[in-house]
Amino acid sequence: MATNTQFSIAVHLMLALGLNCGKEVTSAQMAMSVNTSASFIRRILSKLSKANLVTTTTGKSGFTTLAKRADEISLLEIYKAVDAPKTFEFHDYPSQNYCEVRCNIESVMQNVLNKAQNSFETTLSETSLAEVIADIKKN
């Protein structure tokens, strides 16, 4: 199963921008920090820009900055901006009529997984980018 890393990379980018507040950071610089391609970084930055979390300028000398103060940005905003997948999902293998577990697990576990997702999103909503930046500075 492929892992979606867009949320963690988006947080990485936002932290880099927050730590370099006031400086013009390029997608190439961020790509080096993440160890990936600048084009991939630009795709994530585009999503963050559409969510009004960053401002970007295009072109050879283009750069990115935070669109608002780090204490005004929650991790949930970043999570939603990159349309990250839910924390937990059911597999989509076909049901086996003879398997009582497979025939019932989704309906039985849906409430549990919804509670877990809500808890995860609440934690993200209560955590600002500034708090994570402060934690980085402590280390």
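Reader: Let's start with T64: is this residue buried or exposed?

Author: "Buried" means under 20% relative accessible area, "exposed" over 50% and "partly exposed" in between (1.4 Å probe, protein chains only). T64 has a relative accessible area of 4%, so it is buried. Keep in mind that this is a predicted model, where local features need pLDDT of at least 70 and side-chain atom pairs count only at pLDDT 80 or more, while totals for chains, interfaces and linings use all residues. Residues are numbered from 1 along each chain as its sequence is written, and side-chain values use heavy atoms, with hydrogens and water left out.

Reader: Where does T64 sit, and which residues does T64 touch?

Author: T64 belongs to strand β2, residues 64-66 (helices, H or I with at least four residues, and strands, E with at least two, are DSSP runs numbered from the N terminus). Contact means heavy atoms within 4.5 Å. Setting aside residues up to four places away in sequence, T64 touches L17, K23, V25, M30, L45, V54, T55 and T56.

Reader: M30 is on that list. Which residues of α2 are buried?

Author: In α2, those are S27, M30, A31 and V34. They cover an arc of only 105° around the axis, so they sit on the same side of α2; the arc is that of the directions from the helix axis to the C-beta atoms. These buried residues pack against α1, α3 and β2.

Reader: How do I describe two packed helices?

Author: You give the angle between their axes and the distance between the axes. Here, α1 (residues 6-19) and α3 (residues 38-50) pack at about 80°, with axes 10 Å apart. Axes are lines fitted to C-alpha atoms, for helices over the stretch in contact, and angles run from 0 to 180 degrees between N-to-C directions. So α1 and α3 are roughly perpendicular (65 to 115 degrees; under 35 is roughly parallel, over 145 roughly antiparallel, the rest oblique). On the α1 side you'll find Q6, I9, A10, L13 and M14, meeting F40, I41, I44, L45, K47 and L48 of α3. By class, that contact has nine nonpolar, one polar and one charged residues.

Reader: And at what angle do α1 and α6 cross?

Author: At roughly 75°, with axes that come within 10 Å, so this pair is roughly perpendicular too. M14, L15, G18 and L19 of α1 make the contact with L129, V132, I133, I136 and K137 of α6.

Reader: Which residues of α6 are buried?

Author: In α6 (residues 129-138), L129, V132 and I133 are buried. Down the axis they fall within an arc of 105°, so they line one face of the helix. Their cover includes α1, β2 and α4 (75-81).

Reader: Which residues touch the most other members of the largest nonpolar core?

Author: A nonpolar core is a set of buried Ala, Val, Leu, Ile, Met, Phe, Trp, Tyr and Cys residues joined through side-chain atoms within 4.5 Å. The largest one has 33 residues, and M14, L48, I78 and L129 touch the most other members. At least two residues come from each of α1, α2 (27-34), α3, α4 and α6, and α1 gives the most, with eight. Look at I78: beyond its neighbours within four places in sequence, I78 contacts F7, A10, V11, M14, L48, L53, I73 and L129.

Conventions:
Nonpolar A, V, L, I, M, F, W, Y, C, P; charged D, E, K, R; others polar.
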